[in-house]
Amino acid sequence: MDNLWTFLPLVIMMILLVLKTPVAYAMLFPTMLYFVFGQTMSPYEMMVQKMSTTMETFTYLAVPFFTFAGVIFNYAGITNRLLGLADLLVGHLKGGLAHVNILLSAMMGGTFWFFAG
């Protein structure tokens with residue numbers, strides 16, 4: 001019985017793809033069938049457990065901290081000064097706005113790590 005539930009979703013997916021079903025639905029339908037009928041553990045318990053363990057990593061804290069640092073730099077006026085410096089350094093080049101954007105992003109990241117460290 002285990003071998004049936006191992007290959008049946010693949011077979012169903014291939015049949016749905018041959019019938020020109022959109023790829024997302026062709027992958028979603030057999031997966032739902034497998035989780036509902038083919039497993040002994042409740043799929044909801046497993047999904048909640050996997051979602052909670054993936055979100056408990058330390059690196060996800062970087063996103064709100066970088067956003068917070070950007071807000072502080074804006075209110076303090078640091079971004080205007082860095083933008084002026086980047087414009088002065090590379091604004092005259094061809095495609096200067098793109099160069100300024102990249103240089104400003106690099107300086108903002110470097111400034112954040114300078115103040116955080």
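Visitor: In which helix is Val 23 found?
Guide: This is a predicted model. Its secondary structure comes to 6 helices and 0 strands, running α-α-α-α-α-α from the N terminus on. Val 23 is found in helix α2.

Visitor: Which element gives the largest share of the nonpolar patch?
Guide: The surface carries a nonpolar patch with about 860 Å² of accessible area together, and its residues include Phe 7, Leu 10, Val 23 and Met 27. Two elements give two or more residues to the patch, α1 (2-18) and α2 (23-37). The largest share, 6 residues, comes from α1.

Visitor: How many Å does helix α5 reach from its first C-alpha to its last?
Guide: Helix α5 covers residues 78-90, which is 13 residues. At 1.5 Å a residue, 18 Å is expected, and the helix is close to that. The reach of α5 is 18 Å.

Visitor: Why are the buried residues of α5 on the same side of the helix?
Guide: The buried residues of α5 are Thr 79, Leu 82, Ala 86 and Val 90. They lie on the same side of α5 because around the axis they cover an arc of only 65°.

Visitor: Which residues are exposed on the other side of α5?
Guide: Exposed here stands for over 50% relative accessible area. On the other side of α5, the residues that are exposed are Asn 80, Arg 81 and Leu 88.

Visitor: What percentage of the residues of the chain count as buried?
Guide: The cut-off for buried is under 20% relative accessible area. Of the 117 residues of the chain, the share that counts as buried is 19%.

Conventions: Residues are numbered from 1 along each chain as its sequence is written. This is a predicted model: local features need pLDDT of at least 70, side-chain atom pairs count only at pLDDT 80 or more; totals for chains, interfaces and linings use all residues. Side-chain values use heavy atoms; hydrogens and water are left out. Patches are made of residues with over 30% relative accessible area and no salt bridge: like charges are joined within 9 Å, nonpolar side chains (Val, Leu, Ile, Met, Phe, Trp, Tyr) within 5 Å. Accessible areas come from the Shrake-Rupley method with a 1.4 Å probe; for residues, only the protein chains shown count as cover. A salt bridge is a side-chain nitrogen of Lys or Arg within 4 Å of a carboxyl oxygen of Asp or Glu. Helices (H or I, at least four residues) and strands (E, at least two) are DSSP runs, numbered from the N terminus. Buried means under 20% relative accessible area, exposed over 50%, partly exposed in between (1.4 Å probe, protein chains only). The expected span of a helix is 1.5 Å times one less than its number of residues. The arc is that of the directions from the helix axis to the C-beta atoms.
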